[in-house]
Amino acid sequence: MSGPPAVTPVGSADVAEPVITVSGLRKSYGEREAVRGLDLTVDRGEIFAFLGPNGAGKTTTVEILEGYRERTAGEVSVLGADPHHPPGGWRERVGVVLQELRLPSLLTPRETLTMYAGYYRSPRGVDETIELVGLAEAADQRNSKLSGGQQRRLDVALALIGDPELLFLDEPTTGFDPAARRSAWELIANLRDLGKTVFLTTHYMDEAQHLADRVAILKDGRIVAQGRPQELGRREAAVTVVTFGLPPGLSASDLPAALAGRVRPAGGRRVELITEAATRDLAALTGWAVGQGVELDGLEAHRPSLEDVYLELTGNQAL
Amino acid sequence: MKTSTVKSTSSLLLHQYRYDQKQFWREPAAVFFTVVMPLLFLFLFVSIFGNDTAEVDGRPIKASTYYVPGIVTLAVVSATIVNLAITFTILREKGLLKRVRSTPLPPWVYLAGRVLTATVITVLMVVLVTALGRIVYGVSVPSRTMPGLALTVLVGTAACCALGFAMTAIIPSENAAPAVTNAIMLPLYFFSGVFIPDSSLPEWMRSFASIFPVRHLFQSFLSAFDPGTTGAGIAWDHLGMLLAWGLFGAVVAAKAFRWTPRG
């Protein structure tokens, strides 16, 4: 379709078309605009994370890309086609894991996979796929008897069975305990080794940070930041967050004049100071404390994490 | 390993059918209401009313002969309307219909797999109930009226499958599915003479039941099993009504059948 001509240069050898190109995407439900002008590209072989709080428009966007929903405006190209009017063979190349678990309870994982494999012209092997997602011991139990983590693995296996080039995973670890999340992450990271392109939505920043080559942060239907997880952190690289506990009997107004107006409360007696000149401000702060003969409880200085950036950008509504 | 042959539609349909059959027989409720209960009811009704005579068009007919087409009707409706309405509501609400649309399987093949399953079970039940009626109660198997029986199975199954899909449109949730279908079908079985001989029902009840497809399905089967029937046993008027209901069901289903959960 008529995607923007700019192909993001990637370091990889095959200079391919982007797998997904979106420009000016909008979606309204009546009066409400769920998606308000998105632009993004996803390149072949990358794990792209779509990060945002609930209700930011993640699922609406991913369902437009999967072909389930019609867009209100904008251009969308997925594997070179409009997903709402996919050409023959397009669905052979796309694997989908929906947000909710969708499994036939009366079949076993092996049966379910064999059934789905029959829908494709050149599916992966069933046994090999069971092995890949780590379901070997549970392969012949009824799906209804599987644990939540095992069901999600089967769900991912179903998306993989057609051997697609592109996989959509909509909040694949929501509701998982930490162990199940870790092993799901391993599984998703393995997909990159298989050369798949993965479009992942999540509201967990650690998930995006752990898995994604690139992240787009979505808020109220708009992308508010986009880039490699490290780069997103570095957007504010000049910034350091200094936190410490105010010494007993002293208040923020007792701090040196250069700092007093800039600290803000960070819970209890703790305050934080956001600075672009950490060395100078720390020198002023510690010099003052030594002069007063007090200890600054739990003094620390750190770079903002992706989490900090995310919370800052999404206005703390994430958790 | 990798083959690039294009899957033929018929092989896809057979593939899907195999798994649908498997799932049907693993669902205890479906097997009970579609297979076990009709056989149980045949036994019960004939045991209770076996010595009575019912009346068809003013002629007496043995109760056992009357109940075989009655129970066949129950089994057919159960295997088609009830089974499809409940199954597809559950598949829709669990998101399995949505899920399968992300695959290259043509959506209609997925529906056709279940229709084929319902058809095979319908035929199985017609054969089973007829055989049981013959062996246990000496009810004669239609031979001269075989065309009437075959045509009723054909038209009845098609119409009732369409109505099953249409009915999913009025069922809001998984949990409501058995309740809604039974609330509609149970009174219709009674009013249509499936459980209580037609001749003992008040006139208004018969006229009321004549609006709906169950009575016409039953009357078509009855004319095939009734030894007093002349000719090939094809009840054109009843088959016509069934066909009309089937077309209505198909139109409603085409307009209102949903692939995505409502809830």
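Residues are numbered from 1 along each chain as its sequence is written, and chains are lettered from A, with ligands numbered from 1, in the order in which they are written. Because the model is predicted, local features need pLDDT of at least 70 and side-chain atom pairs count only at pLDDT 80 or more, whereas totals for chains, interfaces and linings use all residues.

**View 1. Three strands of chain A form an open antiparallel sheet in the order E2-E1-E4.** Strands (E, at least two residues) and helices (H or I, at least four) are DSSP runs numbered from the N terminus, and two strands pair if DSSP finds at least two bridges between them. The edges are strand E2 (32-42) and strand E4 (73-78) of chain A, each pairing on one side only, and the twist averages 25° from one strand to the next. Helix H1 (residues 58-66) of chain A packs on this sheet, touching E1, E2 and E4 of chain A, and its direction makes about 120° with that of E1(A); axes are lines fitted to C-alpha atoms, for helices over the stretch in contact, and angles run from 0 to 180 degrees between N-to-C directions. Contact requires C-beta atoms, placed from the backbone, to lie within 7 Å.

**View 2. Strands E8 (residues 214-219) and E9 (residues 222-227) of chain A pair in the antiparallel sense over five bridges.** Val215(A) has Gly227(A) in E9(A) as its bridge partner, and in the hairpin, with two residues between the strands, Asp220(A) takes a positive phi near 50°.

**View 3. The contact takes 19 residues from chain A and 20 residues from chain B.** Helix H2 (residues 109-117) of chain A gives the most to the chain A side, with three residues.

Technical notes:
Contact = placed C-beta atoms within 7 Å.
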